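Here are a few notes to read alongside the model. Take them one at a time, and keep the structure open while you do.

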Amino acid sequence: MQLSMTISTTSPFPSLSPHHPPPPPPTIERPNSKPRQTLRVSHHVGPPQALKGSGFLSAIGRAIEEEEYRKARAEVSRKGFDLEGYSIEGISIGGHETCVIVPELKTAFDIGRCPSRAVQQNFVFITHAHLDHIGGLPMYVATRALYNLKPPTIFVPPCIKEDVEKLFDIHRTMSQAELKFDLVALDIGETYEMRNNLVVRPFKTCHVIPSQGYVIYSVRKKLRKQYMHLKGKQIEKLKKSGVEITDTILSPEVAFTGDTTSDFLLDPRSADALRAKILITEATFLDEGYSIEHAREHGHTHLFELIEHAQWIRNKAILLTHFSSRYNIEDIRQAVSKLQLKVSAKVVALTEGFKSMHSS
Ligand SMILES: [Zn+2]
Ligand SMILES: [Zn+2]
């Protein structure tokens with residue numbers, strides 16, 4: 001309820017300007033951008049007389065180019081990351097599709113256009129109702145049924161639950177299919193037990209429509225301090241007598257923000273997201289081509305803000321997502337390395353679906 005009250009001050013309809021600024025047509029370069037082939041060409045043009053005059057140097061030039069090409073290819077075909085014991089994969093392109101998968105947790109954060117790897121995941125956590133995050137939901141449910149997988153559990157912000165139900169009712173009528181799933185409206189501050197050693201809690205994010213992030217925690221029991229000196233039999237006896245001898249410890253494992261301004265970085269209620277082993281967040285804009293104000297107006301984060309507030313980031317690994325489709329892999333890699341200088345966490349970028357400057 002708290003969330004919907006906060007948001008109700010804004011219009012219930014999307015603003016006239018699109019929330020995700022549309023990418024320019026592929027043939028048009030953005031203003032002030034450097035030509036895409038700069039790096040590639042530079043191996044041939046400088047210093048020209050040296051390269052032209054020497055077979056040895058041109059061989060080095062070729063080797064460097066081949067190495068660049070190999071790296072670019074590896075980046076393009078990379079399917080995921082091993083981070084802190086989790087193998088994370090997915091696809092996230094701002095305004096187009098976002099779905100980040102953590103197979104160890106049987107979880108997909110947002111569903112995007114429902115990439116095929118998402119179908120195997122039993123849990124889907126929807127951050128907000130923009131189509132690049134929720135559009136594939138009916139396909140996800142229908143494809144699981146096609147493979148005889150059990151009905152999934154889908155978590156949504158409470159304010160969209162009714163509309164999601166209506167959406168599925170329409171699909172049921174149109175396709176005359178059952179489309180079975182459990183829909184859980186999970187509010188900020190509530191806790192849901194996914195299995196006996198795993199719980200999830202939403203946290204507040206700030207976007208142009210109602211939104212929330214999620215933190216998944218591992219749960220373990222720890223013997224209370226006052227009983228630590230006791231021997232096994234004594235502990236057993238206490239336990240049998242009904243005394244609570246353990247504390248429950250929640251450790252934030254993976255946090256996913258979805259689309260948000262950088263405000264969550266400064267909100268004390270996001271503390272668990274910022275100390276989870278892995279933080280998956282967005283950096284829609286990466287360079288001077290777009291201002292921080294522009295990012296904020298559209299409900300997004302600029303990489304410069306992550307750098308500015310890096311001191312609050314206590315995670316062991318950060319996976320950056322949701323880059324604007326204007327960028328290529330090299331732009332992303334170069335920009336992300338700037339954040340790496342500011343945090344001890346390992347910083348990686350989800351670049352599946354992005355083009356390399358070497359790939360066209
Ligand atoms: Zn988005
Ligand atoms: Zn959005």
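**Notes on the predicted model**

1. Let us begin with Asp182, which counts as partly exposed because its relative accessibility is 46%. Buried means under 20% relative accessible area, exposed means over 50%, and partly exposed is in between (1.4 Å probe, protein chains only). Asp182 sits in strand β7, residues 182–185. Setting aside residues up to four places away in sequence, Asp182 touches Pro152, Thr153 and Ile154; contact here means heavy atoms within 4.5 Å. Asp182 and Phe123 are 59 residues apart in sequence, yet 9.6 Å apart in space, C-alpha to C-alpha.

2. A word on the ground rules. This is a predicted model, in which local features need pLDDT of at least 70 and side-chain atom pairs count only at pLDDT 80 or more, while totals for chains, interfaces and linings use all residues. Residues are numbered from 1 along each chain as its sequence is written, chains are lettered from A and ligands numbered from 1 in the order in which they are written, and side-chain values use heavy atoms, leaving out hydrogens and water.

3. Now the overall picture. The protein has 12 helices and 14 strands; helices (H or I, at least four residues) and strands (E, at least two) are DSSP runs, numbered from the N terminus. Of its 360 residues, 48% count as buried. Among contacts between residues at least 6 apart in sequence, 62% join residues at least 24 apart.

4. Which residues coordinate the zinc ion (ligand 2)? They are His128 (NE2), His130 (ND1), His207 (NE2) and Asp259 (OD), at 2.2 to 2.3 Å. Donors are N, O and S atoms within 2.8 Å of the metal (3.2 Å for Na, K and Ca), and sites may look incomplete because water is not among the atoms. The zinc ion (ligand 1) is 3.5 Å from the zinc ion (ligand 2), and Asp259 coordinates both. The pair links distant parts of the chain: His128 is in the loop between β5 (123–125) and α5 (131–134), and Asp259 is in the loop between β11 (246–256) and α9 (271–275), 131 residues apart. Both His128 and Asp259 are buried.

5. Next, look at Arg326, in the loop between β13 (317–321) and α12 (329–340). Arg326 is buried but has no salt bridge, and Asp287, the nearest side chain of opposite charge, is 8.3 Å away. A salt bridge is a side-chain nitrogen of Lys or Arg within 4 Å of a carboxyl oxygen of Asp or Glu; for charge, Lys and Arg count as positive and Asp and Glu as negative, with His and the chain ends not counted.

6. Helix α6 (residues 137–146) is worth a look too. Its buried residues are Leu137, Pro138, Tyr140, Val141, Thr143 and Arg144. Their cover includes β5, α5, β6 (153–156) and α7 (161–175). Just after α6, Asn148 takes a positive phi of about 55°.

7. Finally, compare two loop residues. Glu84, between β1 (80–83) and β2 (86–93), has a phi near 50°, a positive value in a residue other than glycine. Is Glu84 buried or partly exposed? Glu84 is partly exposed because its relative accessible area is 36%. Asp110, between β4 (107–109) and β5, also has a positive phi, near 60°. Asp110 is buried because its relative accessible area is 0%.
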